[in-house]
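Work through the exercises below with the sequence and the model in view, and try each task before you read its solution.

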Amino acid sequence: VYVYTAEMFPTVIRNQAVGTCSLVARIGGITSLLLDLLKVYWLPAPVFIMGVVATTAGALAVFFPETLGQKLPETMDEAFRIGENSSRGFCTFTCFSVKEMFDEELKTVPRDVSVDNKALDVEKE
């Protein structure tokens, strides 16, 4: 919530926007505790309501503009124009490739069989 909120809003209202999103998140937390009281009337009611809310939020998040590699907005006009020049389609992802993302982790370490055998011989002695 905090990272995306900070990216979406311009500098002049960023603190207020993050605070408002935090307030809404806390209201959601309080409401979730009160939903437990609905079990008296219908046992799956809390799970059903939270599932519908989460599914709706996830579906609406698809429409968020892409901010990867873009400069954060400084003014309200820039904030309104976020995502205008995006070439991202409806169901495309920003993950380029596994090799690009994890290049360091995927590097293979050359193995010299003779070195491994010598190390094993030393341990056996």
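Helices are DSSP runs of H or I with at least four residues, strands are runs of E with at least two, and both are numbered from the N terminus. The model is a predicted one, in which local features need pLDDT of at least 70 and side-chain atom pairs count only at pLDDT 80 or more, while totals for chains, interfaces and linings use all residues. Residues are numbered from 1 along each chain as its sequence is written, and side-chain values use heavy atoms, with hydrogens and water left out.

**Exercise 1. Describe the chain as a whole.**

Begin with the secondary structure: the chain has six helices and zero strands, which gives the pattern α-α-α-α-α-α along the sequence. Next, turn to burial, where buried means under 20% relative accessible area, exposed means over 50%, and partly exposed lies in between, with a 1.4 Å probe and protein chains only. Of the 125 residues of the chain, 10% count as buried.

**Exercise 2. Find which residue forms a salt bridge with D36.**

Start from the rule that a salt bridge is a side-chain nitrogen of Lys or Arg within 4 Å of a carboxyl oxygen of Asp or Glu. The partner is K39, and the closest N and O atoms of the two residues are 3.0 Å apart. A search of the whole structure finds one salt bridge.

**Exercise 3. Locate L38 and state whether it is buried or partly exposed.**

L38 lies in the loop between helix 2 (14-35) and helix 3 (45-61). With a relative accessibility of 30%, L38 counts as partly exposed.

**Exercise 4. Describe the aromatic pair that W42 forms.**

Rings of Phe, Tyr and Trp (its six-membered ring) pair if their centres lie within 6.5 Å, and planes under 30 degrees apart count as stacked, over 60 as edge-to-face and the rest as tilted. By this rule the count is one aromatic pair. W42 pairs with F48 at 5.8 Å centre to centre, and the angle of 65° between the planes makes the pair edge-to-face. W42 itself is partly exposed, with a relative accessible area of 47%.

**Exercise 5. Work out what R14 touches.**

First place R14, which is found in helix 2. Contact means heavy atoms within 4.5 Å, and, leaving aside residues up to four places away in sequence, R14 touches A6, F9, L72 and P73.
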